[in-house]
Amino acid sequence: MNPTLHHLLQKHLPPETNQWMESKLTVLQADFQPRSFYLAFGACPRFLGKDTLTFTEAELSSLTVAYPNFSATEWTTDQLARILLATALPTETNVEVLDTLFGTADYRELIALYKGLYFLHNAPDFVPRTREGLRTNMTGVFDAIALENPYPARYLDEDAWNHMVLKAMFMQRPMYRIYRIEDRKNAKLANIFLDYAEERRSAHRPVSPELWRFVDGFVTDRARIALEKTRDTGTPLERRAVEKILAPDAEAVSWNAIGRETETANTQ
C-alpha cells in the first residue's frame with residue numbers, strides 16, 4: 001500500500017468515511033480476496049463521494065515525490081481511494097486482478113485506474129495494459145493516460161510513446177500537457193509528423209501549430225522545405241510556430257504558449 005497516499009486520504013476524509021476506508025484496507029491486507037477488492041472499488045463513490053480535493057503546499061510536495069506532476073491535474077476523493085485500494089493488492093496477483101477489473105470498469109473507474117498506475121510498486125508490469133488503453137476512443141480515458149501522467153514518459157518505449165503522441169494529435173488533444181514532451185522528442189517522431197503534415201496539406205486541411213514542436217531539433221532538408229512552406233502559407237499561429245525553428249529568438253513565444261493558443265482555437 002502506498003503510505004503517502006494513505007496518509008493523505010486519512011487527513012482529508014471525514015471520520016465516518018475514513019472508518020469505512022480503513023475497514024476495507026484491513027480486510028484486503030488480512031485475507032485478500034478479489035471479490036472484496038472489486039466490491040470496495042465499486043463502492044467508493046457511494047461511500048466517499050466524488051468531491052475534488054484541495055491540497056496544501058506541503059502535501060503537494062510529498063505527493064510529487066511519489067507521483068511527479070501530481071499537482072498538474074485534479075483529483076477526486078473516489079479516484080484516490082480507488083488508487084489506494086489498488087496499491088494494497090499483492091503484487092504477485094495485482095496484474096491479473098486489475099486486468100479483470102479493466103475489462104468491466106466503467107468510465108470513471110477506467111480514469112482512476114489509468115491515472116493511478118504510476119503509484120503501483122510494480123508499475124512497469126502494466127505497460128501492456130497501458131498500450132491497450134491507448135486504443136480507446138473515449139477522450140477522458142485517453143487523457144487519463146496521455147495528459148499530465150508521468151507513467152508514459154517513464155515506462156513506454158519509443159514506439160509506444162510515438163503512437164500515443166500521434167494519436168493525441170489525431171484527437172486534437174492539448175499536446176503541451178503531455179508530461180516530459182520535450183525530453184522524449186525523437187527523430188522518428190519528427191519524420192512521422194512531417195508525413196502527417198504533408199498528408200494534411202495535400203488534402204487542403206489545416207495542420208496543428210503544435211506539430212512543429214516535434215520537428216524542432218530535427219531539421220533535415222525535407223523538414224526545412226516544409227517549415228518554409230508553412231511560413232509562407234500557414235495561419236498566423238502556424239507561422240509563429242515555424243519561425244521559432246527557422247529564426248530562433250530567446251524572446252519568442254514558448255511552445256507551451258503555442259499549445260495553449262491551439263487548445264483555445266480547437267475549443268471555439
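**Packing, charges and rings**

Q: Which residues does Phe 193 contact, leaving aside its neighbours within four places in sequence?
A: This is a predicted model. In it, Phe 193 is in contact with Val 165, Leu 166, Met 169, Met 175, Leu 211 and Phe 214.

Q: What sort of aromatic pair do Phe 193 and Phe 214 form?
A: A tilted one. The centres are 5.0 Å apart, with 35 degrees between the planes.

Q: Where do Phe 193 and Phe 214 lie?
A: Phe 193 is in helix α12, and Phe 214 is in the loop between α12 and α13. The pair therefore ties together parts 21 residues apart in sequence.

Q: Are Phe 193 and Phe 214 buried or exposed?
A: Both are buried.

Q: Which residues touch the most other members of the largest nonpolar core?
A: Phe 37, Leu 80, Leu 98, Val 165, Phe 193 and Trp 212. That core has 87 residues.

Q: And which helix gives the most to this core?
A: Helix α11, residues 158-170. It contributes seven residues.

Q: What about α14, which of its residues are buried?
A: Helix α14 runs over residues 236-246. Its buried residues are Leu 237, Glu 238, Ala 241, Val 242, Lys 244, Ile 245 and Leu 246.

Q: What do the buried residues of α14 pack against?
A: Three helices: α12 (187-202), α13 (221-233) and α15 (255-266).

Q: Switching to charges. How many salt bridges are there in the whole structure?
A: A search finds 17.

Q: Which residue does Asp 78 form a salt bridge with?
A: Arg 108. The closest N and O atoms are 2.9 Å apart. Asp 78 is in helix α5 (residues 77-87) and Arg 108 is in helix α7 (residues 107-116), so the bridge ties together parts 30 residues apart in sequence.

Q: Is Asp 78 buried or exposed?
A: Buried, at 1% relative accessibility. Arg 108 is partly exposed, with a relative accessible area of 31%.

Q: Which residues are in the network of salt bridges with Asp 78?
A: Arg 82, Arg 108 and Glu 109 are linked with Asp 78 in that network.

Q: What does Glu 148 form a salt bridge with?
A: Arg 177. The closest N and O atoms are 2.9 Å apart. Glu 148 lies in the loop between α9 (139-146) and α10, and Arg 177 in the loop between α11 and α12, so parts 29 residues apart in sequence are tied together.

Q: How accessible are Glu 148 and its partner?
A: Glu 148 is buried, with a relative accessible area of 12%. Arg 177 counts as partly exposed, at 23% relative accessibility.

Q: What is phi of Glu 148?
A: Near 65 degrees. That is a positive value in a residue other than glycine.

Q: And phi of His 204?
A: Also positive in a residue other than glycine, near 60 degrees. His 204 lies in the loop between α12 and α13. At 76% relative accessibility, His 204 counts as exposed.

Q: One more bridge. Which residue does Asp 157 form a salt bridge with?
A: Arg 131, with the closest N and O atoms 3.7 Å apart. Asp 157 is in the loop between α10 (150-155) and α11, while Arg 131 is in helix α8 (residues 127-133), so the two tie together parts 26 residues apart in sequence. Asp 157 is partly exposed at 41% relative accessibility. Arg 131 is partly exposed at 40%.

Q: Back to rings. How many aromatic pairs are found in the whole structure?
A: A search gives 16. One of them is Phe 55 with Phe 70, an edge-to-face pair at 5.5 Å centre to centre and 65 degrees between the planes.

Q: Where are Phe 55 and Phe 70?
A: Phe 55 is in the loop between α3 (34-48) and α4 (57-66), and Phe 70 in the loop between α4 and α5. Phe 55 is buried, at 15% relative accessible area. Phe 70 is buried too, at 0%.

Q: Which residues do ring pairs link into a cluster?
A: Phe 55, Tyr 67, Phe 70, Trp 75, Tyr 118, Phe 119, Tyr 151 and Tyr 155.

Q: What lies over the face of Trp 75?
A: Lys 115, at 4.1 Å from the ring centre. Elsewhere, the charged end of Arg 260 sits over the ring of Tyr 176, 5.8 Å from its centre.

Terms used. Residues are numbered from 1 along each chain as its sequence is written. This is a predicted model: local features need pLDDT of at least 70, side-chain atom pairs count only at pLDDT 80 or more; totals for chains, interfaces and linings use all residues. Side-chain values use heavy atoms; hydrogens and water are left out. Buried means under 20% relative accessible area, exposed over 50%, partly exposed in between (1.4 Å probe, protein chains only). Helices (H or I, at least four residues) and strands (E, at least two) are DSSP runs, numbered from the N terminus. Contact means heavy atoms within 4.5 Å. A nonpolar core is a set of buried Ala, Val, Leu, Ile, Met, Phe, Trp, Tyr and Cys residues joined through side-chain atoms within 4.5 Å. A salt bridge is a side-chain nitrogen of Lys or Arg within 4 Å of a carboxyl oxygen of Asp or Glu. Rings of Phe, Tyr and Trp (its six-membered ring) pair if their centres lie within 6.5 Å; planes under 30 degrees apart count as stacked, over 60 as edge-to-face and the rest as tilted. A charge sits over a ring if NZ of Lys or CZ of Arg is within 6 Å of the ring centre and within 35 degrees of the ring normal.
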